[in-house]
Structures are given as C-alpha cells and as structure tokens.
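Reader: I'm new to this structure and would like to learn how to read it. Could you walk me through it, one feature at a time?

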Amino acid sequence: MINLKNHQVVLASKSPRRNELLKGLGIDFTVRTKDTDESFPSEMNPFEVAGFLSKKKADAFLEEIEANEILITADTVVIVNNQILGKPIDKNEAFEMIKLLSDGVHQVVTGITLTTNTKQLTLQDTVSVSFKKLDKEEIEFYIETFKPFDKAGAYGIQEWIGYIAVDRIEGSFYTVMGLPVHLVYDQLRNWD
Ligand SMILES: Cc1cn([C@H]2C[C@H](O)[C@@H](COP(=O)(O)OP(=O)(O)OP(=O)(O)O)O2)c(=O)[nH]c1=O
C-alpha cells in the first residue's frame, strides 16, 4: 500500500524492535545509526520529551540527508507519576522501576520525527498501560532472564512481563514497543 516512487526511507535507529516494526509495514528502507546524547531540559513537560528526543536524534543527521531521503527517528519514554523512566543502568534500578509500575497505570510516549532536506515533522503517540501487582520473585525473574537494560522503564511489553503483568492497555501496542506504525503509515502513504 505504501508506494514511494521518489523517496528512499532511512531508519536512523539501533533498536531491533523499530527495525522489525518498520519491516512489518512492507516498505524498503536502509538503516543508519549514530550515537546521540539523550538528555533533555529538566524543566520540560515529561509528555513532550519523546518528541523532543526524536527530533534531536534526527538533527544529528541533518547535514547528511540526501535529496530523495526520508529519515525516520524515534524515542520512547515511560512516565509514571509525572516522572520519566529512561533505560535502567543496573539491576537495582531496573527493580525499582518495575516496582514503580507494579499495581498501577503509567503512560508510554513514543515520538517520531520524519525529516527530509526540505521539511521536518514530529509526531507523538501516548498510551496508557496498566500493570497488575507483581511480587518480588516475578520482578527478579524477569530482570535476570530478560535483562531489560536497553528498554525504557525496564520492561518490554512484547516479553514475558507483558504477558503476565499487563491487564489493560489504551492505545497502540506498537507505540509501547517503540514505533507508532499507524502514524508512520499515515505519513508515508501520502508522501510522494
Ligand atoms: C516500554 C517499552 C520500551 N521498549 C524499548 C523501545 C526502545 O527501543 C527502548 C527505548 O529507548 P529509545 O531511546 O527510545 O531507543 P533506542 O536507544 O533503543 O534506539 P534508537 O537507536 O532508535 O535511539 O525501549 C520496548 O521494546 N518495549 C516496551 O514495552
């Protein structure tokens, strides 16, 4: 359904989940990566951070975008009690993060930025996720087995913890996983 005649999509992401999700849309794309600093202003509204960081990731490539390219960048954050949870640095932090999520509702925001050498568009999608109460053994088992250090909020909804903990979700599962594919589709379908 997406038939880009004049453009080549470039996914600027190291995330295997984003790669897999974009593939699922059935478009051809290449991958380009670069390390970017994921800091953001401390006074920023937490619900604006994912969009801001997706744009920041894109801006690192600005000089290199060719005339026919559409660069896609994304960022995912978990927000609980108005506080952002990024990626945990160790087991203890992962444990504390999952404990904060246990027995409550949190938000996951994924921002995407589409950039060409003439325009740039940033969009965000927000999802509410409810976790049942988890016990210490379940949290420890998940961290030991799945080592979720590359995941915002220390969990992957697509993994065992998503199977056992998530009892309600309002919004797109794929946005939680790291890429709001429905938004990418809407944009690319009407691009050329
Ligand atoms: C909440 C959640 C996050 N995640 C992942 C999505 C993202 O890859 C990661 C959040 O980190 P990000 O900083 O958004 O992305 P990244 O560093 O992995 O990749 P990039 O190169 O594009 O910057 O957490 C899941 O896989 N499942 C989930 O349920």
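**Helices and their buried sides**

Author: Let's start with helix α3, residues 91–101, where Ala94, Met97, Ile98 and Leu101 are buried. Keep in mind as we go that this is a predicted model.

Reader: Let's look at α4, then. Which of its residues are buried?

Author: Ile139, Tyr142 and Ile143 are the buried ones in α4. Their arc around the axis is only 95 degrees, so they sit on the same side of α4. Turn to the other side of α4 and you'll find Glu137, Glu144 and Thr145 exposed. The cover over the buried residues of α4 includes α3 and α5.

Reader: What about helix α2: which residues are buried there?

Author: In α2, which runs over residues 49–59, the buried residues are Val49, Ala50, Gly51, Leu53, Ser54, Lys57 and Ala58. Among the elements covering them are β3, β4, β5 and β6.

**The core**

Reader: Which residues touch the most other members of the largest nonpolar core?

Author: First the general idea: in soluble globular proteins, nonpolar side chains tend to be buried together. Here the largest nonpolar core has 44 residues, and Ile72, Ile98 and Leu179 touch the most other members. Strand β3 supplies the largest share of this core, with six residues.

Reader: What does Leu179 touch, leaving out residues up to four places away in sequence?

Author: Leu179 touches Arg18, Leu21, Leu22, Ala74, Thr110, Tyr174 and Val184.

Reader: Which residue does the "active site" annotation cover?

Author: The UniProt annotation, from an unreviewed entry, covers Asp75. You'll find Asp75 in strand β3, residues 69–80.

Reader: Is Asp75 buried or exposed?

Author: The way to tell is to count neighbours: 20 or more other C-beta atoms within 10 Å make a residue buried. Asp75 has 27 C-beta neighbours inside 10 Å, so it counts as buried. Setting aside neighbours within four places in sequence, Asp75 is in contact with Ala50, Leu53, Ser54, Lys57, Thr110 and Gly111.

Reader: How should I read a positive phi?

Author: Most residues other than glycine have a negative phi, and most peptide bonds are trans. Now take Asn82, which is not glycine and has a positive phi near 65 degrees. Asn82 is in the loop between β3 and β4, and with 9 C-beta neighbours inside 10 Å it counts as exposed.

Reader: Which residue with a positive phi follows α4?

Author: That's Lys147, with phi near 40 degrees. Lys147 is in the loop between α4 and α5 (160–165). It is partly exposed, because 13 other C-beta atoms lie within 10 Å. Just after α3 there is also Asp103, which takes a positive phi of about 60 degrees.

Reader: What does Ser102 touch, not counting residues up to four places away in sequence?

Author: Ser102, in the loop between α3 and β5, touches Phe131, Lys133 and Leu134. Ser102 and Phe131 are 29 residues apart along the chain, yet their C-alpha atoms are separated by 5.4 Å. With 16 other C-beta atoms within 10 Å, Ser102 is partly exposed.

Definitions and conventions. Residues are numbered from 1 along each chain as its sequence is written. This is a predicted model: local features need pLDDT of at least 70, side-chain atom pairs count only at pLDDT 80 or more; totals for chains, interfaces and linings use all residues. UniProt positions are given in the numbering used here, feature names are shortened, and annotations may be inferred rather than shown by experiment. Helices (H or I, at least four residues) and strands (E, at least two) are DSSP runs, numbered from the N terminus. A residue is buried if 20 or more other C-beta atoms lie within 10 Å of its own, exposed if 12 or fewer, and partly exposed in between; C-beta atoms are placed from the backbone. Two residues are in contact if their C-beta atoms, placed from the backbone, lie within 7 Å. A nonpolar core is a set of buried Ala, Val, Leu, Ile, Met, Phe, Trp, Tyr and Cys residues joined through C-beta atoms within 7 Å. The arc is that of the directions from the helix axis to the C-beta atoms.
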